[in-house]
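These are my notebook entries on one protein structure. I record what I looked up, entry by entry.

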Amino acid sequence: MAVNAAERTAMSRALELAARGPRGANPQVGAVILSPAGDVLAEGWHRGAGTPHAEVDALSKLAPGAAHGATAVVTLEPCNHTGRTGPCAVALIEAGVARVVYALDDPGAVSGGGAERLRAAGVEVESGEQADAAGALIEGWLTAQRLGRPHVTVKWAQSLDGRAAAADGSSQWITGPVARADVHRRRAEADAVAVGTGTVLADDPALTARDGDALLPHQPVPLVIGTRSTPEDAAVHRHPHPPLFFDTHDLAAVMADLHGRGIQRLFVEGGPTLASAFLAAGLADQVLAYIAPVLLGGERLALTDIGVPSIAAARRLTVDGWVPLGDDLLVVARPAEENESHNEGAA
């Protein structure tokens with residue numbers, strides 16, 4: 001049975017509800033309970049670790065028996081394990097729900113399997129509705145579950161001829177104010193923002209997320225990666241969060257450390273050496289290339305060696321969007337499927 005119009009609308013609403021929940025160790029999930037006629041009976045979302053999951057939150061708003069024969073529309077496959085709360089799949093079965101529509105399969109080795117349990121109890125199950133939107137919402141959590149590391153966005157700004165700086169090393173500003181505002185918005189969506197020691201020494205970035213001169217409500221944790229010392233008066237020391245320093249070039253070790261700290265979204269800002277290292281290691285899940293209509297020439301390329309010896313070995317990307325930002329252009333891309341095995345192996 002295909003997903004109907006009422007269920008599609010309910011999934012859109014469930015995604016809105018899911019976004020209200022906090023990012024953290026648990027995914028953001030929303031749920032809508034529909035009557036057999038397609039009317040909304042109840043809504044719910046997950047409010048954080050230890051609180052009821054979205055399905056249970058929605059069911060709790062109904063009188064006993066009111067969900068009998070209903071359809072539950074959920075952004076993530078109902079869980080199948082007992083943690084701080086019981087299995088959502090069991091709660092739906094016990095409530096008499098007849099049908100479940102969800103967006104994404106739960107990749108967890110322990111928490112997954114809810115759909116199978118529901119089907120075994122005679123509940124009709126449909127999956128994949130608005131999966132892309134649901135995946136974008138919890139991409140950090142999904143990467144952490146699948147690969148045991150943060151979801152990594154690698155960003156750089158470049159001239160039209162691929163340079164990150166002029167011959168004298170100056171790089172502020174290649175792009176215009178609209179593009180820079182977009183970068184700050186995306187920083188604020190990340191759990192942490194990383195630069196190399198070379199960028200700290202050359203540019204002294206604050207690594208804050210700002211709207212003009214004002215700090216945005218959410219600030220990513222600043223990271224500095226590399227073996228050179230950071231000056232005591234560097235701007236990063238004045239960040240609202242104490243910076244993390246990784247005196248290493250071992251990115252796998254850095255990723256493991258961040259995963260252990262619960263950091264799910266890492267925004268890598270540079271410079272060229274660090275960005276190239278993440279790409280070479282297959283650790284980039286998303287690429288943001290801000291391209292300015294200027295020419296600089298010279299040797300200061302936006303990327304250095306990323307381990308591509310020939311055109312046949314090129315790192316292929318799938319472009320998800322071309323975004324005009326004032327006079328600049330943002331290319332949003334991700335590794336093509338043919339690169340995924342390399343990407344996962346590097347984790």
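Against which elements do the buried residues of helix 3 pack? I worked from a predicted model, and I found that these buried residues pack against helix 2 (54-59), strand 3 (71-76), strand 4 (99-104) and helix 4 (114-120).

**Entry 1. Helix 3.** I then listed the residues concerned. Helix 3 covers residues 88-95, and its buried residues are Cys88, Ala89, Val90, Ala91 and Leu92. I also looked at what comes after the helix: Gly96 follows helix 3 and has a positive phi, near 85°.

Entry 2. In general, nonpolar side chains of soluble globular proteins tend to be buried together. Here the largest nonpolar core holds 42 residues, and those that touch the most other members are Ile33, Ala72, Leu92, Val100, Leu104, Leu118 and Ile138. Helix 1 is the element that gives the most to this core, namely six residues. A second core is separate and has 29 residues, with Leu244, Leu258, Val268 and Ala275 among them.

I looked up the surroundings of one member, Val100. Apart from neighbours within four places in sequence, Val100 is in contact with Ala72, Pro78, Leu92, Leu118, Val123, Glu124, Val125 and Glu126.

Entry 3. In what order do the strands of the open sheet lie? I read the order as 2-1-3-4-5, with mixed pairing across the five strands. Strand 2 (40-45) and strand 5 (124-127) are the edge strands, each pairing on one side only. From one strand to the next, the twist averages 15°.

I checked one pair in detail. Strand 1 (residues 30-34) pairs with strand 2 in the antiparallel sense, over five bridges. Within this pair, Val32 stands opposite Glu43 of strand 2.

**Entry 4. Thr75.** The side chain of Thr75 reaches the backbone nitrogen of Gly30 at 3.1 Å. Beyond neighbours within four places in sequence, I found Thr75 in contact with Met11, Ala14, Leu15, Ala18, Gln28, Val29, Gly30, Ala103, Leu104 and Ala134.

**Entry 5. Gly21.** I located Gly21 in the loop between helix 1 (5-18) and strand 1. Gly21 is buried, with a relative accessible area of 6%. Its contacts, leaving aside neighbours within four places in sequence, are Gln28, Trp45 and His46. I also noted the separation of Gly21 and Ala67: 46 residues in sequence, and 24 Å in space from C-alpha to C-alpha.

**Entry 6. Strand 7.** Why is strand 7 (residues 192-196) described as largely enclosed by the rest of the structure? I counted five of its five residues as buried, and therefore recorded strand 7 as largely enclosed. Both faces are covered: Ala192, Ala194 and Gly196 are buried on one side, Val193 and Val195 on the other.

I then looked up the partners of strand 7. Strand 10 (residues 221-225) runs parallel to strand 7 and is joined to it by five bridges. Val195 has Val224 as its bridge partner in strand 10. Strand 12 (residues 265-270) also pairs with strand 7 in the parallel sense, over four bridges. There, Val193 has Phe267 of strand 12 as its bridge partner.

Terms used
Residues numbered from 1 in each chain as written. Predicted model: local features only at pLDDT ≥ 70, side-chain atom pairs only at ≥ 80, totals over all residues. Heavy atoms only, no water. Pairing = 2+ DSSP bridges. Helix = DSSP H or I, 4+ residues; strand = E, 2+ residues; numbered from the N terminus. Axes fitted to C-alpha atoms, helices over the stretch in contact; angles between N-to-C directions. Buried < 20%, exposed > 50% of the residue type's maximum accessible area, 1.4 Å probe, protein only. Contact = heavy atoms within 4.5 Å. Core = buried A, V, L, I, M, F, W, Y, C linked by side-chain atoms within 4.5 Å. Polar contact = N/O pair within 3.5 Å; in protein donor to acceptor, adjacent residues only side chain to side chain.
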